[in-house]
Each structure stands twice: as structure tokens, then as C-alpha cells.
Amino acid sequence: MRRKSPESTPTAVKKRAASAKSRSGRLSGDADAAGRFYYKGNRHKQLRAFVATVKLGTLTRAAEALYLSQPSVSLQLQALERELGVTLMERSRRRINLTDAGEALYELARPLVEGWENLDRDFQAKVKGLQAGKLVIAAGTSTIQYLLPDLVRRYRERFPAVQLQLANVTGKDGMAMLREDKADFAVGSMLDVPNDIAWAPVYHYDPMLITPPDHPLASKAEVTVEDLSPYGLILPPQRLSTYRLVDLVFQQRQVPYHVAIEVGGWDVIKEYVAMGMGISIVTGICITEADRQRLAVRNMKQFFPQRAYGVVMRKGKFLGAEARAFIDLIRPGLLTYRDYDESGHSER
């Protein structure tokens with residue numbers, strides 16, 4: 001009678017099958033773990049490409065910002081849509097439009113991506129107490145000259161190691177800096193607030209009529225818009241909001257007026273008025289005690305709108321510690337303003 005080898009017995013066969021199954025399970029588990037790890041690693045890249053594309057408006061700009069090729073960015077976006085099982089973007093020749101699902105993802109992903117990109121800087125700020133870092137604030141000339149000096153002085157006293165950059169820009173250029181993340185926030189006045197921008201007014205200034213001290217209007221008990229009509233106005237350039245507001249008031253009241261000199265800069269305007277070259281309507285932010293000694297100053301809030309100045313930023317913007325510290329100097333708790341946490345469609 002022929003004897004069976006130990007390896008060919010039913011018990012041995014079962015053991016070998018169980019062992020193979022166990023090894024297969026371990027290999028499968030290792031593959032799944034590797035797949036999950038690979039998936040998570042790529043998800044950050046995909047979201048980074050997605051956020052950059054939405055923020056900058058086109059695949060070309062996103063690729064340039066990320067130092068990638070345009071096909072690479074496109075493939076990452078396609079992979080993200082495939083893995084999430086939704087369409088995130090509607091692509092046109094000129095720019096990218098978000099679907100509802102894309103809007104929802106952008107609102108969630110943007111603070112995560114921006115927080116990750118700022119992690120090193122914010123960590124250093126936490127550990128060293130704002131001993132390192134950079135803060136970029138966009139503002140107009142009048143804001144930098146009259147509103148920010150005391151705030152900058154206090155900020156520098158508390159955080160001397162932070163590199164502070166005040167970008168002197170027009171309102172349009174300031175908006176572009178905010179949307180392209182070239183500025184942390186802006187400080188200034190706004191007439192029209194786009195959907196993707198949040199504005200929290202803090203300071204309010206009355207409109208002021210300034211004339212030479214010996215001007216006929218200086219001694220008049222009450223001055224109306226009609227009283228200004230015979231005299232030449234000295235105003236900022238037409239592209240600026242002050243000119244637009246003054247023109248709007250005269251147009252609404254159907255009062256004729258003429259501009260004698262159009263020139264930029266409140267200091268220049270005040271100097272020309274003091275020299276007797278005309279009169280002007282200026283914002284109270286630029287009136288100093290020295291100005292009241294050489295000019296006749298009259299409040300015109302009865303006829304012209306008040307101007308408000310405050311913090312301007314892109315909705316949903318992730319602010320670093322340097323920016324939050326400066327805004328707290330402007331007004332503690334200002335960042336609890338709800339619109340800062342909302343997303344909005346860009347109107348570029």
C-alpha cells in the first residue's frame with residue numbers, strides 16, 4: 001500500500017490554502033493602505049490646483065502660479081471630479097465657471113489650502129510671538145497719509161520684527177491685489193462692494209467745504225450747494241470716488257458747476273485753495289489742526305454724503321497672525337464680522 005506524503009494530506013492542503021489566503025489578505029491590505037496613502041497625498045495637490053484655478057480664473061494662470069504645465073493642472077482637476085463623482089467646473093474659452101458643487105467645495109477647500117500654505121509662517125508666528133513674517137496692506141494715498149500712521153506706529157512697537165509693506169494703490173489696483181493674494185487686506189473707502197469682497201466700515205468722516213479765509217463763502221451764515229455754483233472747484237481726478245460723489249450731488253440738485261483745477265492729492269488741493277485758486281469739497285480725514293489755521297472749513301454733511309473707511313478683504317480669505325494682529329488694532333473683534341467667512345463670486 002502506497003503511503004501519502006505529509007504535504008498531500010487534506011490537513012496540509014487546508015493549511016497551505018489558509019496560509020496563502022492570509023498572505024493574500026496582508027498583501028491586499030498593504031495595497032489598500034498604500035492606495036489610501038497615495039490618494040490622500042494627491043488630494044492636497046488636486047485641491048491646490050482647484051483653488052488656484054478658481055481664484056485666478058483660468059487654467060493658464062493657475063499653471064503659472066503653481067509652476068506646472070496646463071495639462072498637469074487639467075488632469076488634476078479631472079481626477080478630482082472623477083473621485084468626487086461630480087462636475088465642479090464648466091469650462092469655457094475665456095474663463096472657468098463653478099457649478100453648485102464647485103462652489104461648495106471651493107468654500108471648504110480654500111481655507112484648508114491657504115492654511116496649509118501659510119502653515120510654516122503661522123507656526124513661526126505662534127512660537128516666536130510674531131517675531132517673523134510679512135504683512136502687506138493695500139491702501140490709497142489719503143489712507144496711508146492720514147489714517148494709518150498711528151496704527152502703523154503702534155503695530156511696529158508691538159511687532160518690530162514683522163516686515164510691513166504698505167502698497168500705495170488705487171481702489172481698482174487694490175482689488176486686484178486682494179483677488180490675486182498679493183495683499184492680506186486693504187484699508188480704505190468703498191462706494192460699490194463686489195460680491196466676492198467683504199468691507200467692514202470703521203471710521204466715518206464728514207464732507208468739508210474749504211475756502212481761503214477771506215472768501216465770500218467763509219463769512220456766510222449758511223452755505224448751500226447752489227452757493228457753490230459761481231466758484232471754480234478744485235477736485236481730484238474724475239476716476240476717483242470723491243469727484244464722482246461731488247458730481248452726483250450737483251447733478252441730482254440740477255445745479256451747474258465747473259471744475260477750475262483737477263489735481264491729485266489732498267495736500268496739493270489744500271495748498272491751491274489756500275493760494276486762492278478755487279474752493280473744494282474734501283473728506284474730513286484730511287483736515288488737520290494746521291489746516292484750520294489757514295483755511296475756512298465748513299461741514300457740508302447736510303448736502304454731501306459722509307465717507308466711511310474700514311477693512312477690505314476677499315471673502316473667505318485665510319488671514320495669518322500678522323494680519324489679525326493689525327486688524328485687532330483697528331477694532332478688536334472686527335473679524336467676527338460674518339461676511340469675512342463667506343465665499344462670493346468674483347466680479348473681475
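**Salt bridges in the predicted model**

I'll start with Asp150, which is partly exposed at 38% relative accessibility. This is a predicted model, so please hear what follows as computed from it. Asp150 makes a salt bridge with Arg154, with N and O 3.6 Å apart. Arg154 is partly exposed as well, its relative accessible area being 29%. Both residues sit in helix H6, residues 141-158, and their spacing of 4 residues is about one turn of the helix.

Next, a pair that reaches across the sequence. Arg244 forms a salt bridge with Asp192, and the closest N and O atoms are 3.5 Å apart. This pair links distant parts of the chain, 52 residues apart: Arg244 is in helix H9, residues 241-252, while Asp192 is in the loop between strand E5 (185-189) and strand E6 (197-205). Arg244 is partly exposed at 40%. Asp192, at 56% relative accessibility, is exposed.

What does Arg43 pair with? Its salt-bridge partner is Glu83, with 3.2 Å between the closest N and O atoms. Arg43 belongs to helix H1 (residues 10-56) and Glu83 to helix H3 (residues 70-84), so the bridge ties together parts 40 residues apart in sequence. Arg43 is buried, with a relative accessible area of 16%, because the cut-off for buried is under 20%. Glu83 is partly exposed at 37%.

Last, a network. Salt bridges link Asp267, Lys270, Glu271, Asp291 and Arg294. For the whole model, the count is 15 salt bridges.

Technical notes: Residues are numbered from 1 along each chain as its sequence is written. This is a predicted model: local features need pLDDT of at least 70, side-chain atom pairs count only at pLDDT 80 or more; totals for chains, interfaces and linings use all residues. Side-chain values use heavy atoms; hydrogens and water are left out. A salt bridge is a side-chain nitrogen of Lys or Arg within 4 Å of a carboxyl oxygen of Asp or Glu. Helices (H or I, at least four residues) and strands (E, at least two) are DSSP runs, numbered from the N terminus. Buried means under 20% relative accessible area, exposed over 50%, partly exposed in between (1.4 Å probe, protein chains only).
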